[in-house]
Amino acid sequence: MRNLDLSSWHSLLLTVIGLAVVTLIGVGVRLLLMVTIQHRRERMNRQINERLRTLIAAYRTLGGSFTGDLAVDPRHLADMRRSGEPVAGEGAEAANFSAESASDRDRPRRIRDSVEAALSDIILLGTEDQARLATHAARELIAGKPVHTHELVVSLRSFIRDALDLAPLPPDLEIPMQGPTRPSRSGGSGKSDRGAGEKGGGAKGDRGGLGGGMGMSGGVGLGLGAGGDSGNLTDQDHHEG
């Protein structure tokens, strides 16, 4: 304020303009910093949300079951063929199985595929410990050994609760061992196929009945026409005779 020159209107105007320019530059720099920080925070929030969404989906896949066989069966179709087990949908032996038994035999393969996808997501977006556990489970699957995912599920649960600012679970809470989610049976397609077959059969029956009716009416008409012509010929022959 000591350097302000207020001796004339010209110097006063220049001083005001200079202060306004400095103020505008300061406000512009501040706004630019605020926008940059806001964009960075939004990007970080999107990354965190996407990461949490993926890890929660992996948690549901790896730990969605508490009963039954909680181990992942690593066998493929080739392994099942070598062991002599029937494969759903192949050969004459598989034709003797019902749809439910075929779905039960195909369930371990679907569980293994979903677990492999979840392990891949964890290796990509998980913490260092989670990536190590997921890599170990993947190596066990490659080696053909049954894999339990409970330890990885516990690590995912702790990380997700901490990221969502949820209170940790009480230490005296005994959570049962968790395993991969069992896929539901797909029975809707069979019903729809049967319904479509019934509709198709009904339509064919209607077309067959229509064709039969047309054939009968045509046959009766032809028969009557032929009978009338033969009667006229007989009368003419009688008169001529």
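Biologist: Why does E50 count as partly exposed?

Modeller: E50 has a relative accessibility of 43%. Buried means under 20% relative accessible area and exposed means over 50%, with partly exposed in between (1.4 Å probe, protein chains only). The value of 43% therefore places E50 in the partly exposed class. This is a predicted model, in which local features need pLDDT of at least 70 and side-chain atom pairs count only at pLDDT 80 or more, while totals for chains, interfaces and linings use all residues. Residues are numbered from 1 along each chain as its sequence is written, and side-chain values use heavy atoms, with hydrogens and water left out.

Biologist: What makes the meeting of E50 and R53 a salt bridge?

Modeller: The N to O distance between their side chains is 2.7 Å. A salt bridge requires a side-chain nitrogen of Lys or Arg within 4 Å of a carboxyl oxygen of Asp or Glu, so the pair qualifies. Both residues belong to helix α1, three residues apart, or about one turn of the helix. R53 counts as exposed because its relative accessibility is 51%.

Biologist: How many salt bridges does the structure hold, and which residues are linked in a network?

Modeller: There are four salt bridges in the structure. R112, D113 and E116 are linked in a network of them. Within it, the side chains of D113 and R112 meet at 3.0 Å, N to O. R112 is buried, because its relative accessible area is 5%, whereas D113, at 41%, is partly exposed.

Biologist: How do you know that E128 and R132 are separated by about one helical turn?

Modeller: They are four residues apart in helix α5 (residues 128–142), which means a separation of about one helical turn.

Biologist: How do you know that the length of α6 agrees with its number of residues?

Modeller: The expected span is 1.5 Å times one less than the number of residues. For the 14 residues of α6 this gives 20 Å, and the end C-alpha atoms are 20 Å apart, so the two agree. The buried residues of α6 are L152, V153, S155, L156, R157 and I160.

Biologist: What sets D165 apart in its backbone, and why is D165 called exposed?

Modeller: D165 has a positive phi of about 60 degrees although it is not a glycine. D165 sits in the loop between α6 (150–163) and α7 (188–240). Its relative accessible area is 71%, so D165 is exposed.

Biologist: What makes a nonpolar surface patch of L13, I17, V21, I25, V29, L33 and I37?

Modeller: Patch residues have over 30% relative accessible area and no salt bridge; like charges are joined within 9 Å and nonpolar side chains (Val, Leu, Ile, Met, Phe, Trp, Tyr) within 5 Å. The patch covers about 630 Å², by the Shrake-Rupley method with a 1.4 Å probe; for residues, only the protein chains shown count as cover. L33 lies in helix α1 (residues 9–63) and counts as exposed because its relative accessibility is 52%. The buried residues of α1 include L52, L55 and L62.

Biologist: How many helices and strands does the protein have?

Modeller: It has seven helices and two strands, in the pattern α-β-α-α-α-α-β-α-α along the sequence. These are DSSP runs numbered from the N terminus: helices are H or I, at least four residues, and strands are E, at least two. Of the 241 residues, 17% count as buried.

Biologist: Where is the pLDDT below 50?

Modeller: pLDDT is the predictor's confidence in each residue, from 0 to 100. The protein averages 74, and 61% of the residues score at least 70. Over residues 87–100 the pLDDT is below 50, and this stretch has 13 contacts in the model beyond near neighbours in sequence.

Definitions and conventions:
Contact = heavy atoms within 4.5 Å.
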